[in-house]
Amino acid sequence: MLERIREGALKMGIALPEDAAEKMLRFHELLMRANEQFNLTRVPDDPKEAADRNFLDSLAPLAQKGLMDGCAALLDLGSGAGFPGIPLSILMPGTHVVLLDALDKRVKFLQSVENTLLLIVVVSV
């Protein structure tokens, strides 16, 4: 899955910071574990599908030249399990990311991801 994320991002013209793919893999592991308990979202069993559908799709705005340049804040409305907000926050550490969701179980999960991955995001209901 790591290589799929790295290669996919490269094909999209996105340079990943050194630890970004590892953080995304860790996020995927946290999501799989939490999903068994809370049914947060459909998590693809196939690592290639998870890399493509969850992570690379989330990074698509970064592939559009100039679209995210100077982006100081980002709102992921209806964040659900954290896509695209978490992957974008990994690649845009200087951007203020707000993850907004109405379900308490998702908010608690997103807060745990924020703490585990040492991300600076705001999670709220």
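A nonpolar core is taken here as a set of buried Ala, Val, Leu, Ile, Met, Phe, Trp, Tyr and Cys residues joined through side-chain atoms within 4.5 Å, where buried denotes under 20% relative accessible area, exposed over 50% and partly exposed the range in between (1.4 Å probe, protein chains only). The model is predicted, so that local features need pLDDT of at least 70 and side-chain atom pairs count only at pLDDT 80 or more, whereas totals for chains, interfaces and linings use all residues. Residues are numbered from 1 along each chain as its sequence is written, and side-chain values use heavy atoms, with hydrogens and water left out.

The largest nonpolar core comprises 35 residues, of which Met 24, Phe 27, Ile 86, Ile 90 and Phe 109 touch the most other members. Two or more residues are given to this core by each of α1, α2, α3, α4, β2 (96-100), α5 (104-117) and β3 (121-124), helices (H or I, at least four residues) and strands (E, at least two) being DSSP runs numbered from the N terminus. The greatest contribution to this core, seven residues, comes from α2. With contact defined as heavy atoms within 4.5 Å, and with residues up to four places away in sequence not counted, Met 24 touches Ile 5, Leu 16, Phe 55, Leu 59, Pro 87, Ile 90 and Leu 91.

Helix α3 (residues 47-63) bends by about 45° at Leu 56, the bend being the angle between axes fitted to the seven residues ending at a given residue and the seven starting there. Buried positions of α3 are Ala 50, Ala 51, Asn 54, Phe 55, Leu 56, Ser 58 and Leu 59, and these residues pack against α1 (2-11), α2 (20-38) and α4 (85-91). His 28, which is found in helix α2, is buried with a relative accessible area of 6%. Beyond residues up to four places away in sequence, the contacts of His 28 are Met 1, Val 43, Pro 44, Ala 50 and Phe 55.

With a salt bridge defined as a side-chain nitrogen of Lys or Arg within 4 Å of a carboxyl oxygen of Asp or Glu, the count comes to nine. Arg 6 is partly exposed at 30% relative accessibility, as is Glu 22 at 34%, and a network of salt bridges links Glu 3, Arg 6 and Glu 22. A further salt bridge joins Asp 19 to Lys 23, with the closest N and O atoms 3.8 Å apart; Asp 19 is partly exposed at 41%, and Lys 23 is partly exposed at 23%. Glu 49, partly exposed with a relative accessible area of 26%, meets Arg 42 in a salt bridge of 2.7 Å, N to O.

Asp 76, in strand β1 (residues 73-77), is buried yet has no salt bridge, the nearest side chain of opposite charge being that of Arg 106, 10 Å away; in this assignment Lys and Arg count as positive and Asp and Glu as negative, while His and the chain ends are not counted. The side chain of Asp 76 instead makes a polar contact of 3.0 Å with that of Ser 79, a polar contact being a pair of N or O atoms within 3.5 Å in which, within protein, one must be able to donate a hydrogen and the other to accept it, and for which residues adjacent in sequence count only if both atoms are side-chain atoms. Asp 76 also touches Gly 82, Phe 83, Pro 84, Gly 85, Val 98, Leu 99 and Leu 100, not counting residues up to four places away in sequence.
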